[in-house]
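Open your viewer, keep the selection panel handy, and follow along one stop after another. Each stop tells you what to select and what you will find there.

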Amino acid sequence: MPPLLGAVHPTIPDVITFAISAAIIVVGAVGVVTSRNPVHAALSLVMTLFGVAVLFVEQRADFLAAVQVIVYAGAIVVLFLFVIMFLGVDRRENIEAEPLRGQRPLALVLVAITLLGGLLLAFASHLTIGAHGVACGAGVCRGSNVAQLGRSVFTTYLYAFEATAALLVVAVVGAVVLARRPSGPAAADDADDPDDADEPVPAVAGGSHDGSADGSPDAGAPVDPVGAGGRGGPEVGP
Amino acid sequence: MSLGGGWYLALAAVLFSIGAIGLLVRRNVLVMFMCIELMLNAANLTFVTFSRLLGDIAGQVVVFFVLVVAAAEVVVGLGIVVAIFRRRDTTTADDLHVLKG
């Protein structure tokens, strides 16, 4: 039995691929955390996802690499960008301010301890396993990667697959219920925001961080977000 | 043949740590969601690595399900973000202190 975590005679292209992908992944992840603009964070997330997809290909998980690019980079990140643009929060935010004192050093220390433990486990431990390749015992692992995955999903993990379908239906219904505009009797308890009913939401995307005091000269506006933004100003001013 | 699994696991640990730091430090709810995606990707990379090391396709099946759950989570989470933005006009987690005791 080959050693579980030891080197298995990698070739030079494998090493180069791994190094470049690892650099892309780490740079993208740091970009997600440190970028001030949420749009830049989403684009850095795409970078990281592509790097992970390359490592999937490198480990012969071809189908998952394709799904990673299509679903994650193609659907989820686009959904993120859509919501960022829809809410109009695509502006720079101040990340130097630290509202909770001592939070960042504490977070860094805790995560560093956890990371050291993980690295120690990855490199220094001698893991042993009982059975090698349990799922391949009944000859399931013949064929290509897609064939293996499909056979496994539709036989061994069929109930989990069906539960996944139910989960997606529930998620779609929940998203529609959460994001739909309240109408009829349901709008009565939303009456603290009077112009919410007749004005589209992106028009009030002025922002709340740069001071609601800017909205005070616009006395005609019942709520301040209209006055705080530059876009909604001319139609409520006169 | 690819590199030993230790390198992949170490990279996944680093990626998970960066995502955890971002989740703990950042205030924007959307960026916090992206950090959760980073952590999920680190877990996926670990699953695929062990799938290769053990010669078992089940690790890749788990990644498949994680992708589906992540998609559902993002859909519902962004729906909640949009609903909160309608009522309170903010996406900053610090501004949502109504339940603070």
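## A stop in chain B

Begin by selecting B:F16, which counts as buried because 23 C-beta neighbours lie inside 10 Å, where 20 or more are needed. Keep in mind as you look that this is a predicted model. B:F16 is found in helix α1 of chain B. Which residues is B:F16 in contact with, once its neighbours within four places in sequence are left aside? Show B:M39 and B:A42, and you have them.

## Into the nonpolar core

Next, colour B:A12, B:L15, B:L30, B:M34 and B:L45. Among the 67 residues in the largest nonpolar core, these five touch the most other members. Both chains take part: α1, α2, α3, α4 and α6 of chain A each supply at least two residues of this core, and so do α1 (5-25), α2 and α3 of chain B. Which helix gives the most to this core? Select α2(B), which provides 13 residues.

Stay with B:L30 for a moment. Setting aside its neighbours within four places in sequence, B:L30 is in contact with A:P38, A:F80, A:V83 and A:I84 in chain A, and with B:V81 and B:T91 in chain B.

## Where the chains meet

Now show both chains together. Here 79 residues of chain A are in contact with 69 residues of chain B. On the chain A side, at least two residues come from each of α1 (12-34), α2 (38-58), α3 (62-87), α4 (103-124), α5 (145-155) and α6 (158-179). Select α4(A) to see the helix that gives the most to this side, with 11 residues. Colour the side of chain A that touches chain B by class, and you will find 59 nonpolar, 14 polar and 6 charged residues.

## Along α3 of chain A

Hide the rest and keep α3(A). How far apart are its end C-alpha atoms? They are 36 Å apart, which agrees with the 38 Å that its 26 residues should span at 1.5 Å a residue. Centre the view on A:Y72, where α3(A) bends by about 25°.

Then pick out the buried residues of this helix: A:L64, A:A65, A:Q68, A:Y72, A:I76, A:F80, A:V83, A:I84 and A:L87. Just after α3(A), stop at A:G88, which takes a positive phi of about 70°.

Go back to chain A and select A:E58, in helix α2 of chain A. With 19 C-beta neighbours inside 10 Å, A:E58 counts as partly exposed. Draw a distance from A:E58 to A:Y157: the two are 99 residues apart in sequence and 25 Å apart in space, C-alpha to C-alpha.

Move on to A:R60, in the loop between α2 and α3 of chain A. A:R60 is not a glycine, but has a positive phi of about 60°. Is A:R60 buried or partly exposed? It counts as partly exposed, because 15 C-beta neighbours lie inside 10 Å.

## Last stop: the whole of chain A

Zoom out to chain A, which has 8 helices and 0 strands. Of its 238 residues, 21% count as buried. Among its contacts between residues at least 6 apart in sequence, 45% join residues at least 24 apart.

Finally, colour chain A by pLDDT. The mean is 74, and 65% of the residues reach 70 or more. Confidence is highest in α2(A), at 94, and lowest in helix α8 (residues 233-236), at a mean of 40. Select residues 1-7 of chain A, where pLDDT stays under 50, and then residues 187-238 of chain A, where the pLDDT is below 50. Where pLDDT is low, the predicted coordinates should not be read in detail.

Conventions
Residues are numbered from 1 along each chain as its sequence is written. Chains are lettered from A and ligands numbered from 1 in the order in which they are written. This is a predicted model: local features need pLDDT of at least 70, side-chain atom pairs count only at pLDDT 80 or more; totals for chains, interfaces and linings use all residues. Two residues are in contact if their C-beta atoms, placed from the backbone, lie within 7 Å. Helices (H or I, at least four residues) and strands (E, at least two) are DSSP runs, numbered from the N terminus. Ala, Val, Leu, Ile, Met, Phe, Trp, Tyr, Cys and Pro count as nonpolar, Asp, Glu, Lys and Arg as charged, and the others, Gly among them, as polar. The expected span of a helix is 1.5 Å times one less than its number of residues. The bend at a residue is the angle between axes fitted to the seven residues ending there and the seven starting there. A residue is buried if 20 or more other C-beta atoms lie within 10 Å of its own, exposed if 12 or fewer, and partly exposed in between; C-beta atoms are placed from the backbone. A nonpolar core is a set of buried Ala, Val, Leu, Ile, Met, Phe, Trp, Tyr and Cys residues joined through C-beta atoms within 7 Å. pLDDT is the predictor's confidence in each residue, from 0 to 100.
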